[in-house]
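I opened my notebook today to look through one structure, step by step. Here is what I wrote down as I went along.

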Amino acid sequence: SIFRRIYTVFVAQSGFEGLEILAKEKIDLIITDQQMPTMSGSEFLEEVLVKYPDPIRLILTAYSSIEAVIDIINKCDVYRYITKPWVKEDMAIILKKALTTYQLQQDNKRLLIELKEANQELEHKVDLRTQSYLKTNQELLIAKEKVEEASKTKELFLSTMSHEIRT
């Protein structure tokens, strides 16, 4: 409720509700508690990572072993692990940085798509130019053969005429 004035906030009471929200809404950032009914935060994030890999994922909890924290971060590609109780000012900074990271990732994806499209367009142009060069090269080879044939015909004619003139 603290951040509702700044962000659009969706609240789920369970991991299943969270998955339903993700199916209906475009979500940039997910914050989940490790302790939830019917599904842990890490189980929720594992499903999210498979179905919705784009949103930034944060997990918070009041207690957990360091091994569990490392496991969650690695398995679920968690951006940040937050311990309870959290401080409003710190959370505001974390959210701002996470959303900036999200925007940078989206911009990067868009730029990669544009780069791929530009690369495909360039490859197409190179293919067209290569075909044009191959066609021109083939025409030049044919013209060269005709010139060589004409030269041989000319030599034969001059040789014959020279012989005739001498005769």
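Predicted model: local features only at pLDDT ≥ 70, side-chain atom pairs only at ≥ 80, totals over all residues.

**Entry 1: a pair on a helix**

Is lysine 144 buried, partly exposed or exposed? I found that lysine 144 has a relative accessible area of 48%, so I noted it as partly exposed.

Next I looked up the partner of lysine 144. Its side chain forms a salt bridge with glutamate 148, and the closest N and O atoms are 3.9 Å apart. Both residues lie in helix H4, four residues apart, which is about one turn of the helix. Glutamate 148 is partly exposed too, at 40% relative accessibility. I reminded myself that side chains of opposite charge can pair when their charged atoms come close.

I counted salt bridges next, and the total came to eleven. One of them joins glutamate 46 and lysine 75, at 3.4 Å from N to O. That pair links distant parts of the chain, with glutamate 46 in helix H2 and lysine 75 in helix H3, 29 residues apart.

Which other residue did I find bridged to lysine 75? It is aspartate 71, with the closest N and O atoms 3.9 Å apart. Aspartate 71 and lysine 75 are both in helix H3, about one turn from each other. I checked how open these residues are: glutamate 46 is partly exposed at 31%, aspartate 71 at 39% and lysine 75 at 44%.

**Entry 2: the sheet**

Then I turned to the strands. I found an open sheet of three strands in the order S1-S2-S3, with parallel pairing. Strands S1 (29-33) and S3 (80-83) each have a single partner strand, so one side of each has no neighbour in the sheet. On average, neighbouring strands are turned by 20° against each other, direction ignored.

How many bridges join S1 and S2? I noted five, in the parallel sense. Threonine 32 has isoleucine 59 in S2 as its bridge partner. On the S3 side, four bridges join S2 (residues 56-61) to S3, and there isoleucine 59 stands opposite tyrosine 81.

I also asked myself how covered S2 is. Six of its six residues are buried. On one side these are Ile56, Leu58 and Leu60, and on the other Arg57, Ile59 and Thr61. Helix H2 (residues 41-51) lies across S1 and S2, and runs at about 155° to S1.

Threonine 38 has a positive phi, near 70°. I located threonine 38 in the loop between S1 and H2, and it is exposed, with a relative accessible area of 64%. Aspartate 77 also has a positive phi, of about 50°, and is found in the loop between helix H3 (66-76) and S3.

Where did I meet a cis peptide bond? It joins lysine 84 and proline 85, with omega about -10°. Proline 85 sits in the loop between S3 and H4.

**Entry 3: a nonpolar patch**

My last stop was the surface. Phe157, Leu158, Met161 and Ile165 make a nonpolar patch of about 430 Å². I placed isoleucine 165 in helix H4 (residues 88-166). Its relative accessible area is 69%, so I wrote it down as exposed.

Methods. Residues numbered from 1 in each chain as written. Heavy atoms only, no water. Pairing = 2+ DSSP bridges. Helix = DSSP H or I, 4+ residues; strand = E, 2+ residues; numbered from the N terminus. Axes fitted to C-alpha atoms, helices over the stretch in contact; angles between N-to-C directions. Contact = heavy atoms within 4.5 Å. Patch = residues over 30% accessible without salt bridge, like charges linked within 9 Å, V, L, I, M, F, W, Y side chains within 5 Å. Areas by Shrake-Rupley, 256 points an atom, 1.4 Å probe, with all protein chains shown as cover. Salt bridge = Lys/Arg side-chain N within 4 Å of Asp/Glu carboxyl O. Buried < 20%, exposed > 50% of the residue type's maximum accessible area, 1.4 Å probe, protein only.
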